[in-house]
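Here are a few notes to read alongside the model. Please have the viewer open as you go through them.

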Amino acid sequence: MTLASQERAIPAAQLAEALKLPRSIADVLIQRGLDTPEKAGAFLDPSLDRLGSPHLFGQMQIAVERLLTAVRAEQPVAIYADRDVDGLAGLAVLVRTLRSLGGTVIWGSPVKGRGLEREVLERLARSEAKVMVLVDCGTGEHAELEWLKSQGIDVIVADHHRFTAIRPPAFAWIHPETLENNDGEPPAGCVMAFKLAHAVWISFLGHDDPERMDYFLFSHLDLIAMGLLADRMPLRGENRILLWHGLRRLAYSRKVGISSLTRFFRLTPRSGPLSVREVNWQLIPILNAGGRLGRPEVTAELLITEDPDVARDCIDQLLALNSQRRAAQDASLASFEKAVLEQCSLETDPVLVALARDVEPSVTGLAAQSLVRKYGRPAFLFVRQGNECVGSGRGMPGFDLFAWIEAHQEWIVKYGGHQGAVGLTIRAADFETFRTRLIGTAREALAALDPALVVINHADVSSRVEAIVALEELDEFWWLSLGRLAPFGTGHPMPLFQIQGVETIVPVVRKRSKKPVEEFILKSGICEIRAKFEEPSPQPSPEKGEGASVDTLSLLGRGIKGEGPWDLIGYPTAVSKSSREFTWTIRNMWRSNG
Ligand SMILES: [Mn+2]
């Protein structure tokens, strides 16, 4: 236990005083367990100096020595990474690091599905490489790791998928469960590769060249930021530090492929960091398109190349693949939705479990994610392949999907993943039993859910009110202070505030627009902010949650008549220069008593 964690929690007013923050922002920090000046101060100062040593991984040194031996002996090093952005970002960090040290690197990625593919491994093995790094894969792959061992290849696994019962054989593991004191947030697979690269650099540069080391660390955080976000890792602890710098690095990437991509989307040039939303909605889908359509090498090449012509060609290919993917995805989403409506009971099922036919299995994860958003509950979608059903599950804050499926291991052939996202294979004959069991587990989990949770319908917004504010408090200092808590996302959502005592709500009527009013100005004294209402969720809320959308809808229908004051629950969505332009999204409102 560190000194900081022994420090006693203090009241919000004291924390606000100590850190020069508005009281309501200190409330949010305390609600999130950052309840001492040390913890909260560290959180507000995401310095690279706070990164843990890569040598906290027990087998790091033998992995590094093995790689450097190969580089010195001019033997090729093979790198095999999963085909998604997390895997390929880790691949690019290692390829670039080893090449810059003079190593010969060959690489590969699965073209048919996920995980280790024998044909690709065989190709890499034929290259005379006697050491192979597996990035973002390998943890559950007994047979393939045995095979690699039988070929005389030393395998270093840099992966973050949870260990299942037996650990397969490997030369070295760079894995969060091998950390000496693992009390941090779960890291991405690319971060395991980054740690390995960091240790390689330490070994090469020694400890006496901190500036060059910082240069190396910072220069690859553009890749790491994308990997972290793509895998929806919790944005706290080391992940926050890596992402905070990574979003800034992405705006100034020196990698030809990445800077071509950000310029293509007109995200750069700019002076500030990229936003989580821009990375999630623009960069990640296009980079994932390669792997999803069996062409992970296009994405990998874009992340590795230093040739602008190659980069442009890769982007063109990825754009074409992405429109193919979108068409395929729309079609399979429709099939999955049909399967859900036929096989599930939307009134009573706390988790959607459905099996579709004639659908490309690689889209189960995306389709599940979209159904989670639409129906406000976890979803497991499967595709029949021979005698097996292959599928993915996607969840929401408050539920541990990995624990759910682990509880029904006897019905599962193969599984892996983490709290919010899992992949699994079930014998077709056991599908109905598995579905019934999973629904039972989900029902128990829903019943055990904290009644203080507000309706969950937006994964990146807090599901409970964390602080109460008056409109008058929302001055520029307040918004700047809130900005210090950014970036927000998985595991560190946009805070939810209750705004008390709004006196009037004025609809913003757009001339010549036939759409119903979408935007309102909330006023209290001379203060005002803009707000819009969140789409009401069609899902049944956890038993004791507020009937959030009801008031909102009737008020919208009436066009906000009558006298305030009103209390509102909402989250800030946009900040622009004028304090009158701050935008909130409101999920709930009611007339105050006073
Ligand atoms: Mn991953």
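This is a predicted model: local features need pLDDT of at least 70, side-chain atom pairs count only at pLDDT 80 or more; totals for chains, interfaces and linings use all residues.

**Notes on the fold**

1. Five strands make up an open sheet, ordered β2-β1-β3-β4-β5, and the pairing is parallel. The edges belong to β2 (105-108) and β5 (172-174); each has a single partner strand, so one side of each has no neighbour in the sheet. From one strand to the next, the twist averages 20°.

2. Strand β4 (residues 154-158) runs parallel to β5 and is joined to β5 by three bridges. If you want a pair to click on, Ile-156 has Ala-172 of β5 as its bridge partner.

3. On to the packing. The largest nonpolar core counts 91 residues, and Ile-79, Leu-94, Ile-174 and Ala-225 have the most contacts inside it. The top contributor is helix α9 (residues 189-205), with ten residues.

4. What does Ile-79 touch, leaving out residues up to four places away in sequence? Its contacts are Leu-91, Leu-94, Val-95, Val-105, Trp-107, Val-133 and Val-135. There is also a second, separate core of 37 residues, with Ala-367, Val-372, Leu-381 and Val-390 among them.

5. Last, a helix pair. Helix α11 (residues 221-230) and helix α14 (residues 276-292) have axes that come within 10 Å and cross at roughly 90°, which means α11 is roughly perpendicular to α14. On the α11 side, the contact uses Ala-225, Met-226, Leu-229 and Ala-230; on the α14 side, the residues include Val-279, Leu-283 and Leu-287. By class, this contact has nine nonpolar, two polar and no charged residues.

Technical notes:
Residues are numbered from 1 along each chain as its sequence is written. A nonpolar core is a set of buried Ala, Val, Leu, Ile, Met, Phe, Trp, Tyr and Cys residues joined through C-beta atoms within 7 Å. A residue is buried if 20 or more other C-beta atoms lie within 10 Å of its own, exposed if 12 or fewer, and partly exposed in between; C-beta atoms are placed from the backbone. Helices (H or I, at least four residues) and strands (E, at least two) are DSSP runs, numbered from the N terminus. Two residues are in contact if their C-beta atoms, placed from the backbone, lie within 7 Å. Two strands pair if DSSP finds at least two bridges between them. Axes are lines fitted to C-alpha atoms, for helices over the stretch in contact, and angles run from 0 to 180 degrees between N-to-C directions. Angles under 35 degrees count as roughly parallel, over 145 as roughly antiparallel, 65 to 115 as roughly perpendicular and the rest as oblique. Ala, Val, Leu, Ile, Met, Phe, Trp, Tyr, Cys and Pro count as nonpolar, Asp, Glu, Lys and Arg as charged, and the others, Gly among them, as polar.
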